[in-house]
Amino acid sequence: MNYGEAKLELQQLLGRVSPAELPKLLDWVRTSEELDDLVTDNGKVILQSIADDLRAHLPLDAMLPSEASARAQMQRRPRPTVHVDAFLYDDEQVDSLCDGGKMSRSYCLRCGSNETAPLDFISHSFSVAELRFLFQSVLPDLSGRTLVDVGSRLGAVLYGGYVYSSASTLVGLEISEEFVHLQREVVNKYQMGARVQVVHSDVCLQGALLQEAHVLVMNNVFEYFLEPAEQVRCWRFIMERFRRTGSLLLTVPSLQESLAQVQEALPPDWVEELPVDHGVDTAHEADASALKEIHLYRVL
């Protein structure tokens, strides 16, 4: 059912309500927490529908053939690591894929033996539960504000911000033309264009956009996709241009960890870290270890 059909059906329903009972029903619509829960659940349904659409266009690991350097960097990690996109596959879906032999959670320590160890999973997207946590428990009210997601990839942050926040503008900044095309298809299909934009560009060409942003999101954005020198170039550009006092920076992992990997110093006068209450999400079933990787900073 599309918007027009739903609107017509709602009008017809209200037309059948007894005039004496109509004020009571409208008051329930305006004030009931039951309806709030229904709207929230509808947000989850929309995101799951988007994930279903995206899975049909991507390989199981959600990585493109052009991402050879990212695959190589994962292979150089101390422990075997595979990419499992958390927006596309929740734990139940991963279990189902493992049961069907399409995915594994472990690797053999010695070929031919029963001695195994767990694989490391990494995701370049937030899960649906993590997105709800970000927009409802970590970030403040975003009414009238612009959020920019650097390396928006599948667009999960944009879609999550659309259904879970009041941000006036959500901008995905993505250098891969293929991912830009996928995001724009989703934005058009789900009619998000009034608030969501996808920009095909290198972050270092978007100084004006960074200066306008109220919130900047960076989720595993450089480590697996750029060589160290390129990472340093991007970080220095962001630290120079993202300077609006009071703006928020949300990162995974922490700034300290990301910059230490490329031996770059964090300017002492740039940001301060804000506390994140990871315990408030217990009812939403997000992975606790993943939530602890989320860090929030305020520009000084």
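How many cavities of 30 Å³ or more does the count come to? I started my notebook with that one, keeping in mind that this is a predicted model. The count comes to 2 cavities.

**Entry 1: the largest cavity**

I looked up the volume of the largest cavity, and it is about 110 Å³. Its lining has 13 residues, and V221, F222, W235, P253 and S258 are the closest to its centre. Next I checked which elements the lining comes from. I found that β8 (215-219), α10 (228-241), β9 (248-252) and α11 (255-261) each give at least two residues to it. Sorting that lining by class, I got 6 nonpolar, 6 polar and 1 charged.

**Entry 2: the second largest cavity**

This one has a volume of about 80 Å³. I noted some of its lining residues, among them H124, F126, D149, R153 and N219. Both β5 (146-150) and α7 put at least two residues into this lining. By class I wrote down 4 nonpolar, 6 polar and 2 charged residues.

**Entry 3: α6 and α7**

The axes of α6 (residues 128-138) and α7 (residues 156-164) come within 9 Å and cross at roughly 55 degrees. That angle is why I call α6 oblique to α7. The crossing is right-handed. On the α6 side, V128, L131, R132, F135 and Q136 make the contact, and on the α7 side A156, V157, G160, G161 and Y164 do. The contact residues split into 6 nonpolar, 3 polar and 1 charged. I also spotted A156 and V157 in the lining of the second largest cavity.

Note on methods
Residues are numbered from 1 along each chain as its sequence is written. This is a predicted model: local features need pLDDT of at least 70, side-chain atom pairs count only at pLDDT 80 or more; totals for chains, interfaces and linings use all residues. Side-chain values use heavy atoms; hydrogens and water are left out. Axes are lines fitted to C-alpha atoms, for helices over the stretch in contact, and angles run from 0 to 180 degrees between N-to-C directions. Helices (H or I, at least four residues) and strands (E, at least two) are DSSP runs, numbered from the N terminus. Angles under 35 degrees count as roughly parallel, over 145 as roughly antiparallel, 65 to 115 as roughly perpendicular and the rest as oblique. A crossing is left-handed if the near helix is turned anticlockwise from the far one by less than a right angle, and right-handed if clockwise. Contact means heavy atoms within 4.5 Å. Ala, Val, Leu, Ile, Met, Phe, Trp, Tyr, Cys and Pro count as nonpolar, Asp, Glu, Lys and Arg as charged, and the others, Gly among them, as polar. On a 1 Å grid over the protein atoms alone, a cavity is a set of points where a 1.4 Å probe fits but cannot get out, and a pocket is an open set with protein on both sides within 12 Å along at least five of seven lines; lining residues have an atom within 4 Å of a point. Grid points are joined across faces, edges and corners, and a volume is the space filled by probe spheres set on the points.
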